[in-house]
Amino acid sequence: MSRRSPIRRPEVLLVLLMAGYLVLLGWQVRRGTQSALSSLALGAFGPFLSIYDSANRLTREGLQDYFWQRDAAVKAERLEEDNRELQGRLEISQALEKEVLQLRELIKAPKPAGYQVFGARALTEFGVPFGRYLLVSCRSDLSFPDRTPVIGPQGAVGRVQTRIGPLYRILLVTDPSSAVGVMSDRSGVHGVAVGEGRSLSVRWVSNEADVKAGDLFVTSGEDGIFPPGIRMGTVTEVSDGPDYLKRITLSPASRLGDLMWVLLLRKSNA
Amino acid sequence: MRKRFIASLLLLLMAVAVQTLLPLVSGGLTIANPFLALLTVLALRGGKLSGLLWGAFLGALCDAYFLPYVGFHGTAFTLLGYLLGWIGSKVMLQGVIPLAFFGWASYIVDAGLVALLYLLLGLPLAAPFLVPVLLGSLATGLMAAGFELAARKLFPEERP
């Protein structure tokens, strides 16, 4: 009868392996986590552990990052929306502020004596390149005849040309068909201011007249439309002409492209 | 014999792959133990000696994966491999449901033994303990059933 080696008996092997593991455990725990066996096991299974760790990290941190990024994107979108809304409000506020300032200037502006003033909302400037017109809106119960003078906070704007319901088409002083009697505020030289599109030119002023750059021209009242003393513009260029008449260019006193409110003037006895 | 070894090796690689890829599916599934599921399948087929040798090896592998010390799962798996091998040599198992049961029970025994060793060596146990053990045992039981299905494909000579 052949006798089996004790090491080949499963029970003996079981006891030996378990005892070995227990001894190893006791040794490792006494030495701490950085035991040689632990390092050996980590080295042997390193690649697998590395993949395991990567997968674990990818899942947890990746998901966290994904959710964080998604939340951040949602927040950014919301902030952008808020920003757009605030920007819109700011633009409205700026427009309101500008309008308030213009109204204040308009109220403070000197009014010609003997005239009633009526506010009108300036809507749009049009007619370029052929003419220069302004559409204004006024109270519907009021009626203004053609050639009613219109002024702004800084000076003359134009005259009523046509009425279309509550709207009035204003012929601006810069329109080439506009002519206004003017005089120099400094020297009293008289002339006629004609529209040139963006600027005005003063005609019928002799070469001997005293006109300098920077002089202010105001309405003279000779045209029978504008009352005297309303600012028309400032001289930007002046030179003597070959026909004994000066070439005078005025920059309009009113910022015609930037008007929000204007005043229509009506004679008090009308 | 050679075919059996290769088949066992393939199952081992499958267990490593499952253990590695589990976190990709869900972080919560890492409480499952595919090595123990594999031990259940191999030990029930191979007998006492094969079971305890596989248990010693898979236990060491499991320790390397999960714990700072080598030996906790090693001891428990060695004992479990022997017991499962003994059971496998005594009873005839049919279907995959018994494997799921043995996988579930093995997880409970393994967790109990490891916890006992922890306490004997004066190491603190992480809390909560019971709920993860129960969930992990269920997942391991299902894995054991899955490994059994794979083993049936890989061990053609054992087909009825």
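Buried means under 20% relative accessible area, exposed over 50% and partly exposed in between, with a 1.4 Å probe and protein chains only. This is a predicted model, in which local features need pLDDT of at least 70 and side-chain atom pairs count only at pLDDT 80 or more, while totals for chains, interfaces and linings use all residues; side-chain values use heavy atoms, with hydrogens and water left out. Residues are numbered from 1 along each chain as its sequence is written, and chains are lettered from A and ligands numbered from 1 in the order in which they are written. By the burial cut-off, A:Phe118 and A:Phe144 are buried.

**Chain A as a whole**

- Chain A has three helices and twelve strands; helices (H or I, at least four residues) and strands (E, at least two) are DSSP runs, numbered from the N terminus.
- Of the 270 residues in chain A, 37% are buried.
- Among the chain A contacts with a separation of 6 or more, 54% join residues 24 or more positions apart; a contact means heavy atoms within 4.5 Å.

**Helix α1 of chain A**

- α1(A) has 22 residues and spans 31 Å from its first C-alpha to its last, close to the 32 Å expected at 1.5 Å a residue; the expected span is 1.5 Å times one less than the number of residues.
- The buried residues of α1(A) are A:Pro10, A:Leu13, A:Leu14, A:Met18, A:Tyr21, A:Leu25, A:Gln28 and A:Val29.
- They lie on the same side of α1(A), because they cover an arc of only 125° around the axis; the arc is that of the directions from the helix axis to the C-beta atoms.
- An α-helix has 3.6 residues a turn, so residues three or four places apart point the same way.
- On the face of α1(A) turned away from the buried side are the exposed residues A:Val15, A:Val23, A:Arg30 and A:Arg31.
- A:Met18, in this helix (residues 10-31), counts as buried because its relative accessibility is 19%.
- With residues up to four places away in sequence not counted, A:Met18 touches B:Thr75, B:Thr78 and B:Leu79.

**Aromatic rings in chain A**

- Rings of Phe, Tyr and Trp (its six-membered ring) pair if their centres lie within 6.5 Å; planes under 30 degrees apart count as stacked, over 60 as edge-to-face and the rest as tilted.
- This rule gives six aromatic pairs over all chains.
- A:Phe118 and A:Phe144 have ring centres 5.3 Å apart and planes at 65°, so the pair is edge-to-face.
- This pair links distant parts of the chain, 26 residues apart: A:Phe118 is in strand β1 (residues 115-126) of chain A, and A:Phe144 is in the loop between β2 (133-137) and β3 (149-151) of chain A.
- The rings of A:Phe144 and A:Tyr168 are also edge-to-face, because their centres are 5.7 Å apart and their planes are at 75°.
- A:Tyr168 is in strand β5 (residues 167-172) of chain A and A:Phe144 in the loop between β2 and β3, so the pair ties together parts that are 24 residues apart in sequence.
- A:Phe144 and A:Tyr168 are both buried.
- One aromatic cluster is formed by A:Phe118, A:Phe144 and A:Tyr168.
- A:Arg169 lies over the face of A:Tyr133, 4.6 Å from the ring centre; a charge sits over a ring if NZ of Lys or CZ of Arg is within 6 Å of the ring centre and within 35 degrees of the ring normal.

**Other sites in chain A**

- A:Thr219 is in strand β9 (residues 216-219) of chain A and counts as buried because its relative accessible area is 0%.
- Apart from neighbours within four places in sequence, the contacts of A:Thr219 include A:Val180, A:Met183, A:Phe226 and A:Ile230.
- A:Arg147, in the loop between β2 and β3 of chain A, has a positive phi near 70° in a residue other than glycine.
- A:Trp204, in the loop between β8 (200-203) and β9 of chain A, has a positive phi near 65°.
- A:Trp204 is exposed, because its relative accessible area is 62%.

**A site in chain B**

- B:Ser8 is in helix α1 (residues 2-25) of chain B and counts as buried because its relative accessibility is 7%.
- B:Ser8 is 143 residues from B:Ala151 in sequence and 8.3 Å from it in space, C-alpha to C-alpha.
- Neighbours within four places in sequence aside, B:Ser8 is in contact with B:Leu42, B:Trp54 and B:Phe155.
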